[in-house]
Each structure stands twice: as structure tokens, then as C-alpha cells.
Amino acid sequence: MTALAQEILNNFDRLPDTEQMEIALEILRRIINFDFPPLTDEDLTLSAEELFLVLDQQEPDYE
């Protein structure tokens, strides 16, 4: 990541939540037409594993 990109992220982190949400939505609007490569089965499996680990960690909070 370039220094400029890191600076943008640091500035983003300092913004109030409402402004972060506005910026995130605008970025999503701008990248919606990017030509992303399809996800592989391995990508999907790793994402699912990560999600389930997070949910397992949060489970005691709901019991």
C-alpha cells in the first residue's frame, strides 16, 4: 500500500462514524462497475471459515 493510501485510511479512521459511512457508500458506488475476478472455491471456504470463527467468538455474548 502506498503512503498516500495509508494516509487516506488514517484520515478515514479519524472521522465520525456518520462520515465514515457516507464515504464508504460513495466508494462502493464508484467500484461497483469494476471487473473483479470470480472468487475461487478456496476464497469462499476461507471467508466462510473466518466468518464462523467470528460467530463462535461472539456466541457466548448471546447466551
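**Entry 1: Gln-20**

I began with Gln-20, which is buried at a relative accessible area of 17%; buried means under 20% relative accessible area, exposed over 50%, and partly exposed in between (1.4 Å probe, protein chains only). I placed Gln-20 in helix α2; helices (H or I, at least four residues) are DSSP runs, numbered from the N terminus. Leaving out residues up to four places away in sequence, I found that Gln-20 touches Phe-12, Asp-13, Arg-14 and Leu-15, where contact means heavy atoms within 4.5 Å.

**Entry 2: model and confidence**

I note that this is a predicted model, in which local features need pLDDT of at least 70 and side-chain atom pairs count only at pLDDT 80 or more, while totals for chains, interfaces and linings use all residues. Residues are numbered from 1 along each chain as its sequence is written, and side-chain values use heavy atoms, with hydrogens and water left out.

I looked up pLDDT, the predictor's confidence in each residue, from 0 to 100. The mean for the protein is 93, and 100% of its residues reach 70 or more.

**Entry 3: salt bridges**

How many salt bridges does a search of the whole structure find? I recorded two, a salt bridge being a side-chain nitrogen of Lys or Arg within 4 Å of a carboxyl oxygen of Asp or Glu.

I found Glu-26 paired with Arg-29, with 3.2 Å between the closest N and O atoms. These residues, Glu-26 and Arg-29, are three residues apart in helix α2, so about one helical turn separates them. Glu-26 also forms a salt bridge with Arg-30, where the closest N and O atoms are 3.0 Å apart. Glu-26 and Arg-30 are four residues apart in helix α2, which again means a separation of about one helical turn.

I then checked accessibility. Glu-26 is partly exposed at 31%, whereas Arg-29 counts as exposed at 54%, as does Arg-30 at 62%.

**Entry 4: nonpolar patch**

I located a nonpolar surface patch formed by Met-21, Leu-25 and Leu-28, with about 290 Å² of accessible area together. Patches are made of residues with over 30% relative accessible area and no salt bridge; like charges are joined within 9 Å, and nonpolar side chains (Val, Leu, Ile, Met, Phe, Trp, Tyr) within 5 Å. Accessible areas come from the Shrake-Rupley method with a 1.4 Å probe, and for residues only the protein chains shown count as cover. I placed Leu-25 in helix α2 (residues 17–31), and Leu-25 is partly exposed, with a relative accessible area of 39%.

Methods. Helices (H or I, at least four residues) and strands (E, at least two) are DSSP runs, numbered from the N terminus.
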